[in-house]
Structures are given as C-alpha cells and as structure tokens.
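Please read this briefing beside the sequence and the 3D view.

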Amino acid sequence: MATVKDRAPGPADSGLNDDIGENKRLQLYRTQVTIREAEQRAFDLFLQNLVKGTSHLSLGQEAVAAGFAGAMIKGDLSFCTYRGHAHTLARGVPVEKVLGELMQRDNGLMRGKGGSMHLTSVEHGVMGSYAIIGAHLPIACGAAWRAQYKGAKDVSVCFFGDGTTNIGAFHEALNFAAVWKLPVIFVCENNLYMEYTPIADVTAVEHPAADRASAYGLERIVIDGNDADAVYRTAKTAYDKARAGNGPSLIECMTYRHSGHSRADPAKYRPEGELERWKQRDPIKIYRERLLQFGVAEKVIADIDASVRKVVDDATEACKAAPNPPLDIITTDVYADGGWAWRN
Amino acid sequence: MAELTYRDAVARGIAQEMARDPDVVFLGEDVAKAGGVFKSTVGLLEQFGPLRVRDTPISEQAIMGAAMGAAMTGLKPIAEIMFSDFFAVCFDYIANEFPKSRYMSNGQVKCPLVVRTGNGAGSRFGAQHSQSVENWCMMIPGLKVVAPSTPLDVIGLLAAAVRDPDPVIFLEHKSLYATKGEVPDGEIVDTLGTAKIVRPGKDCTIIALALMVSRALEAAEKLKAEHGVDCEVIDVRSLVPLDTQTILGSVAKTHRLFTVEENPRLCGWGAEIVSIVADEAFYDLDGPPVRITTPHIPLPAADILEDAVLPTPDRIVDTVRRSLGS
C-alpha cells in the first residue's frame, strides 16, 4: 500500500489519475457537501437552542468519511465515535433522521433515546457511535471475527480520533486484530487536537496511530485526510486486503476540524493562522478544484450544491415540525422483550 | 443420572450449547489449550475446534468488546473473564456498552452474550482475586445476573443464559468448583429469573446465593436440630431478573427475613431484597429483616482472616437465634 507522507498544507496534488471515475467522484463530492451542509446546519440550530445536549462536528474532516464510505460495499460495517454524524451521513442515512436525533425529536434516528453521540442505523451498516474513547475498537474486532468465522466478506471499519491512540483499548484491539488476522480497518482521524490539548503535547511519537503500527506488525500508513481521492484509494486497498483474508490495517488520516471540539467551543487554544492555513486545504475546496480539473462542468457542481442545500433545508423544516418523543418510549427496549422489567 | 462436579458442569453446559448451535463461540484467557485456569473448560477445544474455542491475549477489554461485536452481528458468544475482580479493567463494556446499546439505538442493536467468570472467596487469594462482585453487575439496567450454586444449576442456567437474547453475567463460585451434585442425562435447560426454595420451613426465611446457599442450609439443619427453629432456605440464583414472588410468598408464610450475602455490606443484593420486602410486605413481618454479610472491608488473604469475615453457618445460626429470641 502506498504510504503518503503527510505534509504542511499545500495545493491539492492527488494527480489526474482517473482510476476513480466521474460517477464515483461526483458521489464523493455530494457526500462531502452533504456532511458540510448538515454539520453547518447543526451548528446553526445549536446556536438557536434547537440542537440540544452536545454535538461534535466534523466540519473540515468530510473527506475521511466520504472516502472510506465511498469505497465500502453493502454489508460493510461502520463503527463511529461521538464525532460520528459525518460517518453516519456518509453511509446514506437521511439528513432528517440525523438532524432529528440532534434536535431530540420523535423523527430522529433513535427517537431521541441515543442523542448526538450515539447515532446508529443498523440497516445502513452504521453499527453505533460510541462515546467512551476506545470502546468501539474491540467491538469492531468482534464484528470482524463474526465475518471471519462465518466466511462472510464484509469488512468492519472503525473510526476514531487521535486522542484514542493513548487509551488501552486501542492497543488491546490492534494486537487482538493482528493476532487473529481480522478483517477490520482502524481509521485514525488525526485532527491535531484531542479536546483542547494538542495530541503532540501528550504523545511520545509524531504520528500517534501510524508510529504505533509496527508494534502490531502492521504497515505504517499516513495519508492526506483532506483529499477524498487519496482516502478513497487507501480505503479500497485496505478493504481488498481485509476481504482477501490478509488481516487488519491501521490508517492515520491527517486532517483538521474547522470548529471547536464540541458545542460552541471557540477553539481559542489554536495558534493564530493555523485554521486559515488549513482552510486553504479545505477538503471541499480541494474537491471542487479536482472536479473542474477533470472537466466536470461548473453547473453540475452547482446543481449538487443546490440539491444538497434543499435536502438539508427540507430536513430542517421537517425536524422543526416534528413532535417530541412520547414519554411511553422511556421504558422500551431496555431488554430484548421490549420492556424494562427486572423482577416479577 | 451421574454425579458431576460444578467444574465439569461448566464444560458440559458450554458443550451442550455449542453442540446445539453453531453460532455459539467461546473465548477467553487460557480457556482453549489449557482448559481454563480452574480446569472448567477442559475438552472444549478438542470437541469444537480452534475456530469456536479461542485463547485470547490478556486483554479483557478486547475479550469483552469482541464478544459484543460478535453478538451484535449474529453470533452467541460466551466470554470468560478469569476472575470477576478483573471486571474492573473492562467495566466499560459491563456498565456502558452491553447494557445500553439496545436502549440507545431504540432497539436496533442486540447483544446476546454471556460473560462467565470466577467469583467469590475461599481460595486465600487476597483482595483482588476473591471478591463477590454481583452487586457491581446488579446495579446496571440492561444486564441479567445469574449465580448458580449446584452443578445442575450451572448447566441449566448456563443454557438459559446462552439462549437468552440479553447480555448475561454468569458468576461461577470458585469455592464451588470442586463440589459435586447429581445431574440427569440429556439436555438440561433452566429458566432465568426463578428462585428455588431449597429447604421448606415455617419459622423464618433465609435467602442466599452461590456459596452461601450450602452454608444457609447447614445453618438451617443446625437450627432445626439444636434449637427447634424451622427455616425456609431460598437460593436466589438469578439477581436480575429477580424472582420477588417466591421471596414475598415465603415471607408471607414465615414472617421473618434473613439474607446471607458474601459481598461487602454496602449496596449488597440483600439490601434490595430487604427494601422490596419492607415496601411490599411490611405487615407480613414480625420483626426487622436482618442482613448477614461480609463486613465492608477488602478481603484479607490469610485463611484464618478470610474465614473470619465470610458468613459461616455458625454466624447464621447465632444471628437467627438472637433475632428470633430462641
């Protein structure tokens, strides 16, 4: 697998290698724009007090979600963190379902029982968003173990942030997956910050995920996480390897979140100019340029932008009009019998 | 009918379920080639092969997470955590992941798995390998919690746990592994959430779990023979779901309640039972309910010290006599 050295922000340079094709590129673009618009809307709705609780946005990290989801096939499984809106949307979960959950309405993905940090849509292969750092890496291993045991060809893909690389479950899962040769892909979205503290300040190695790969006999892979084509190509190679029975991959995607860690965090801990430099490498800006380079008409791009905007607008209105969840769901689905009885 | 040890009953119960359902898989530390550190899983690797019976690294979070991921996607895993004390290093799965995934996903995610573990004192292992942690598990909505006291119950409740669609914590008592009991031939399947009256009586109700059941029975025989007190002894077996009807029915008959708990005192399961009885059967009681527990201390290692802190038949006899004034 090609190892792309990460670099300081510079121009998009993935090249005019048309191994991806226009249809896939337009899909990757649409996914990124959908995430951008939905996340921006979530932020606006939060400021209006319509998104309640907390929310962790992926503004600026859209290419990772789009690239990995774009290379999946039906049946592949996504395991996300609380910063999971992007990965949920990227699997095709309707915007209304996601915004509805963020707004804690009855039309939400889990009718308000899970909230922003736990988006789950089993029918779309989104096997949950986990809010305890590291918890889902072993869980993804288990889903991959099932595939291996059953001879199924699906791959489990587990997304997490740079901060996860310093928790025990990360290391337990990597060793476990490597020893059992499981069809699982570990994707670290390195956005340079945990919550407020730079990952570099608290980590012994430069690349918190990739520099640990050798400890588990895995290849060191660092890629440009803001270039959806680079992400897509890397994902495809890793999925092929997993499906062929050749075990797990650990991929570190260099990216940057344009917003704060959560809610209205203004991210004042970032040095001056850093955000602006990364915005020069905004994944959506990069991808628009890429499409133009490949001869896609401006109108085609504008039509995608407009249609996504309409989807998000319609979803917003539907969510605003949706009722609150009824109180009678408070006690449903604690146990498999549908109820909550712990005694006779 | 055959006489079987509690230890061999574990292997038989797992084998019964693995033979029945190819989706039942088993993982844990030293469980396959070594047959378990308590030798309770001997022969399973040979019978079911390395794809279904798997040794893991010493990675309790990986064991628990892998069991959950497999359960979510269609398998019926049995995971072993060698000592229940080690729940503390993988408690996220017990407290946050297994029991909440169904609820948070509004019923989309299932988690049909069993975690087996060696629980309880008597081996002189000290404070980090001897605890009774049933109360750690009982307090979490979404889990089921079972603790068998006989070889027969090991097989029947383990089968019920494997077939149950919810996550079940299955607490085997380390000091019971060598005990023996009669077990019929053929398939054995019990029902979760059912307590068992193991000795009928009319003067008081003694409720016990796991190792404490045999001690309560011994105390009951002594109380009858030496003091003319006729105790009813109930083996709770399943803390969640809890068979309160059997308990309330017994208290309505005997009018006195004692619980015998190996766990440290605060928030022990007996407190919940006493609370239920106080709420719902207060006027059936002729005297205060009494909890007999291990004191609220870490467990000491030395045999003479450990023996002094766990409830014993003599302590049960003394406590019942003093409370009943007999």
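A salt bridge is counted here when a side-chain nitrogen of Lys or Arg lies within 4 Å of a carboxyl oxygen of Asp or Glu. By that rule, the side chains of A:Arg343 and B:Glu280 form a salt bridge, with 2.6 Å from N to O. This is a predicted model, in which local features need pLDDT of at least 70 and side-chain atom pairs count only at pLDDT 80 or more, while totals for chains, interfaces and linings use all residues. Residues are numbered from 1 along each chain as its sequence is written, chains are lettered from A and ligands numbered from 1 in the order in which they are written, and side-chain values use heavy atoms, with hydrogens and water left out.

**The interface of chain A and chain B**

- With contact taken as heavy atoms within 4.5 Å, 41 residues of chain A touch 51 residues of chain B.
- The size of an interface is often given as the accessible area lost when the parts come together.
- Here the buried area (the accessible area, with a 1.4 Å probe, that two parts lose on being put together, summed over both) is about 3,900 Å², and carbon and sulfur atoms give 60% of this area.
- On the chain A side, A:Trp145, A:Tyr149 and A:Tyr335 lose the most area to chain B, together 18% of what that side buries.
- The rule finds two salt bridges across this interface.
- There are also 25 residue pairs in polar contact across the interface, both residues being at pLDDT 80 or more; a polar contact is a pair of N or O atoms within 3.5 Å, where within protein one must be able to donate a hydrogen and the other to accept it, and residues adjacent in sequence count only if both atoms are side-chain atoms.
- Helices (H or I, at least four residues) and strands (E, at least two) are DSSP runs numbered from the N terminus, and those of chain A that give two or more residues to the side touching chain B are β1 (77-81), β2 (126-130), α5 (136-150) and α6 (168-180).
- Helix α5(A) gives the most to that side, with nine residues.

**The build of chain A**

- Chain A contains ten helices and six strands.
- Its radius of gyration, taken over C-alpha atoms, is 20 Å, close to the 20 Å that the globule rule (2.2 Å times the number of residues to the power 0.38) gives for 344 residues, so chain A is as compact as a globular protein of that length.
- The C-alpha trace of chain A spans about 60 × 50 × 40 Å along its principal axes.
- Of the 344 residues, 58% count as buried, where buried means under 20% relative accessible area, exposed over 50% and partly exposed in between (1.4 Å probe, protein chains only).

**Helix α4 of chain A**

- Helix α4 (residues 95-102) is mostly covered, as six of its eight residues are buried, among them A:Val95, A:Leu99 and A:Glu101.
- The elements that cover these buried residues include α1 (22-47), α3 (85-90) and α10 of chain A.
- After α4(A) comes A:Gln104, which has a positive phi near 60°.

**Backbone details**

- A:Asp333, in the segment after α10 (298-321) of chain A, has a positive phi near 60° although this residue is not glycine.
- A:Asp333 counts as buried because its relative accessibility is 17%.
- In chain B, the peptide bond from B:Val240 to B:Pro241 is cis, with omega near -5°, and B:Pro241 lies in the loop between β12 (238-240) and α9 (244-254).
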